[in-house]
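The structure is shown first, and the description follows.

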Amino acid sequence: MNIKRLIQSIFFTLIIQYLIHVENAQASLFDGFQRNNVTSRFFVGFKGGINFSQPLILQSYSVFSQVSGLNTGNEAKTYSGFLKNTGYQYHFIGMYNINNNLSISFQPGVAQYSYSYENDYSWITEGDDINTITLNYSHKQNLRYIEIPVLFRFEYAIGNISPYIQGGISYGILQQADKSVSSELIQHSLSGDIPLNVEDNESVVSDLFIRSRLALLGGIGINYNLNGVLLGLEAVYNAGLNNIVNESRRFSNQDFLSGNYDVPDDINLQNLMINFVVLFPLNKGTNQKDDSCKLFLKKKNK
Amino acid sequence: MKTVNVFWGILLSAMVMYSCDIKKSDISPEESFSKVYDHPDYNVAYYPLDVVEMPDDGFLILASLSEDTLVNNFLGGYLLKTDKTGEFEWELRIPYPYVSPVPNLLNINNSWHLLCMDAVTQENRLLEINTGNGTVNESGRHNLQFPLFAMVDHEKNILALNFDRVGKKSILTRYDQNLNPDWTYSYDIVDDVENQIRLHLNKMGKQFPFFIGEAGINESNPHYYVNCFKNYTMSLIFADVNNGHQTGILNTYQDDAAISSAVYLDSSNFALSRYYLEDNYIFSKVQLQMDEAQNANNFNDSRVPELASNAHVKTIIYEKDDGDKIIVYTSHTKTNTIVMYFYSYETGELINTKYLGSTNPIEVAALISSSEESLTILFRTLVIGRFPRIGLTKISKEELGI
């Protein structure tokens with residue numbers, strides 16, 4: 001077992017232990033909540049939703065290089081728009097209220113990001129534009145990360161509604177990257193279009209990406225206090241900070257390199273996440289130290 | 001609270017551990033790349049011949065070019081210059097009547113040259129390449145016909161192999177740097193191979209591994225070795241460096257067998273590859289007696305069943321910065337991949353194998369050592385299984401895994 005796997009194991013063991021701890025605390029939590037106006041600095045919960053990705057191209061690469069200074073567009077990739085690159089995420093939340101308005105949360109979870117692009121190639125008979133061959137490729141990449149975000153949240157309660165803004169940093173560890181390519185080869189002639197070949201190629205391409213993804217997070221949301229359980233909806237912009245492509249392995253995948261003439265560009269993945277959020281207060285009892293917390297939750301429950 | 005602190009500890013540790021790979025991934029685009037030089041006209045066919053690395057770390061590629069507008073039977077010459085990342089910089093269709101360049105760029109007084117044929121007379125023409133503006137000018141000519149290969153020896157003489165179709169001979173000539181002959185020696189051919197050689201030059205038939213090399217130049221027994229037709233077979237001839245006289249020979253079997261590559265190692269040791277009735281064999285360290293007649297079938301060499309029939313094989317000595325030497329063979333397999341075999345220079349044992357490419361047909365044209373201990377392979381590929389194009393791949397020393 002290498003060190004990375006060991007750290008992963010420890011990390012997940014701690015998460016499980018933490019969840020067990022939370023579960024054990026639930027009975028007293030709800031008892032306490034119903035008996036008094038619960039006072040707690042801690043909240044636990046989960047969130048999940050969909051995301052939309054847009055790669056920022058840091059440096060473009062192509063297997064093809066056109067001779068004769070010809071600009072046929074044969075080497076260019078056309079990336080799909082933001083709304084076509086959908087993925088999903090789900091996160092566990094552990095939140096600690098620093099004071100009435102400010103809290104810090106730790107939100108480990110899983111996110112899958114997708115992005116896609118196309119390239120079109122064509123070959124012609126000189127002086128005969130009708131007799132051509134075109135080749136169209138559609139590439140789709142799915143990247144699944146375990147993410148460890150830490151966020152600060154500022155909120156202001158107005159009755160049962162608490163709008164908030166939040167910001168923080170996230171560290172993502174790539175679990176798996178998949179790539180699928182579909183291609184269509186067509187002969188164009190006077191008698192019409194003749195499909196020559198349609199192929200699909202799909203494989204795991206984790207080697208083409210580095211393990212790490214660092215991101216800055218910023219977003220807005222709103223909570224509704226439903227008898228102490230906070231239901232929320234939020235939008236978070238997840239701005240990748242680093243190139244996620246493994247530059248040293250760019251030309252290593254021979255299937256895609258020479259089969260589909262494709263190598264990845266250097267990209268920085270930008271993402272918008274829409275999440276549904278559920279938070280439960282965790283009763284830690286009432287004492288002098290929890291005065292600020294009392295105030296916080298009383299304010300929430302007014 | 002303690003648990004939260006542990007989480008933060010783990011978070012920070014994980015970030016430190018995993019963040020290392022952000023830096024580790026860093027590699028400049030010039031350290032490793034793979035390019036295919038495409039042209040949108042599907043009647044154009046390129047046949048790459050040789051590549052050299054330039055002082056700016058870019059590459060100069062020599063190829064033959066077939067276009068439907070070509071008015072003669074022999075293929076035109078083509079030069080392509082790339083930058084250090086493999087991107088196209090300029091190209092030159094070598095003007096008529098210069099055709100059929102031999103597959104070896106010649107470095108003469110730090111200026112690149114190529115030997116080709118006059119389309120009308122079929123005689124030798126030496127062209128100097130101006131790599132600055134992508135032009136050529138004739139710098140020498142000689143009346144021997146059908147040039148097949150040329151090289152520059154360690155004394156800066158030009159060695160050329162020609163075919164005499166009238167006298168049925170293979171001819172080895174040593175020239176000075178202006179293509180003035182020093183000596184000429186011919187080797188008789190019994191069979192009529194003119195048609196095979198014409199097809200070879202037109203890239204239409206079997207491609208024969210014609211080449212010339214030097215052996216024992218720093219020792220007491222220097223020789224040239226020449227792979228050409230002699231009597232009934234493709235043979236590896238050992239020639240006296242002073243007059244070209246044959247001193248020894250390694251025979252194969254008619255034109256169904258040949259030595260496909262040979263590199264001199266030391267003493268009387270060579271790294272060889274050969275094909276025989278479509279099978280391929282490698283002998284990473286074999287003793288050849290340069291003053292005797294031998295037969296390639298007597299070797300106890302290794303059959304390489306994965307290689308394509310009568311595969312082109314390119315072999316070089318790869319020398320690391322620390323002086324460690326490795327014998328590198330590269331060729332193409334039946335499954336459309338380029339394969340590289342790495343053998344110990346000292347023991348001749350296989351130490352690593354690497355595969356490149358897949359799916360579309362591919363053939364190796366040249367293999368060179370390049371900057372930063374990398375290797376660069378020039379190859380021909382059929383884009384989407386149809387269009388013959390030039391390909392170039394540079395493999396960094398980290399990727400070589402040796």
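## A four-stranded sheet in chain B

In chain B, an open sheet of four strands runs in the order β19-β20-β21-β23, with antiparallel pairing. Strands are DSSP runs of E of at least two residues, helices are runs of H or I of at least four residues, and both are numbered from the N terminus. Two strands pair if DSSP finds at least two bridges between them. At the edges of the sheet stand β19 (257-266) and β23 (302-303) of chain B, each of which pairs on one side only. β19(B) is joined to the antiparallel strand β20 (residues 269-276) of chain B by eight bridges, and Asp266(B) is placed opposite Asn269(B) in β20(B).

## Basis of the model

This is a predicted model, in which local features need pLDDT of at least 70, side-chain atom pairs count only at pLDDT 80 or more, and totals for chains, interfaces and linings use all residues. Residues are numbered from 1 along each chain as its sequence is written, while chains are lettered from A and ligands numbered from 1 in the order in which they are written.

## Hairpins in chain B

Strand β13 (residues 169-175) and strand β14 (residues 181-188) of chain B run antiparallel and are joined by seven bridges. Leu172(B) has Tyr185(B) in β14(B) as its bridge partner.

β4(B) pairs with β3(B) in the antiparallel sense over six bridges, with Ile61(B) opposite Leu80(B) in β4(B). Five bridges join β4(B) to the antiparallel strand β5 (residues 88-93) of chain B, where Glu91(B) is the bridge partner of Leu80(B). β4(B) and β5(B) also form a hairpin with five residues between them, and Gly86(B) in its turn has a positive phi of about 90 degrees. Six of the seven residues of β4(B) are buried, so β4(B) is largely enclosed by the rest of the structure. A residue is buried if 20 or more other C-beta atoms lie within 10 Å of its own, exposed if 12 or fewer, and partly exposed in between, with C-beta atoms placed from the backbone.

## A sheet across both chains

Strands of both chains make up an open sheet of five, in the order β2(A)-β1(B)-β30(B)-β29(B)-β28(B), with mixed pairing. β2 (64-66) of chain A and β28 (362-370) of chain B are at the edges, each with a single partner strand, so one side of each is left without a neighbour in the sheet. From one strand to the next, the twist averages 25 degrees; axes are lines fitted to C-alpha atoms, for helices over the stretch in contact, and angles run from 0 to 180 degrees between N-to-C directions. β28(B) pairs with strand β29 (residues 374-383) of chain B in the antiparallel sense over eight bridges. In this pair, Glu363(B) stands opposite Arg380(B) in β29(B).

## Nonpolar cores

The largest nonpolar core has 127 residues, of which Ile61(B), Ala63(B), Leu161(B), Val226(B) and Ile237(B) touch the most other members. Such a core is a set of buried Ala, Val, Leu, Ile, Met, Phe, Trp, Tyr and Cys residues joined through C-beta atoms within 7 Å. Domain 1 (32-329) and domain 2 (330-402) of chain B each contribute at least three residues to this core. A second, separate core of 15 residues includes Tyr145(A), Val205(A), Ile244(A) and Val245(A).

## Where the domains of chain B meet

The bounds of the two domains come from an automatic or database domain assignment. Their centres, taken over C-alpha atoms, are separated by 18 Å. In chain B, 45 residues of domain 1 are in contact with 43 residues of domain 2, contact meaning that the C-beta atoms of two residues, placed from the backbone, lie within 7 Å. On the side of domain 1 that touches domain 2, β2(B) gives the largest share, nine residues. The residues of that side divide into 28 nonpolar, six polar and 11 charged. Here Ala, Val, Leu, Ile, Met, Phe, Trp, Tyr, Cys and Pro count as nonpolar, Asp, Glu, Lys and Arg as charged, and the others, Gly among them, as polar.

Tyr318(B) lies in strand β24 of chain B. Tyr318(B) counts as buried because it has 21 C-beta neighbours inside 10 Å. Leaving aside neighbours within four places in sequence, Tyr318(B) is in contact with Ile326(B), Val328(B), Ser369(B) and Leu375(B).
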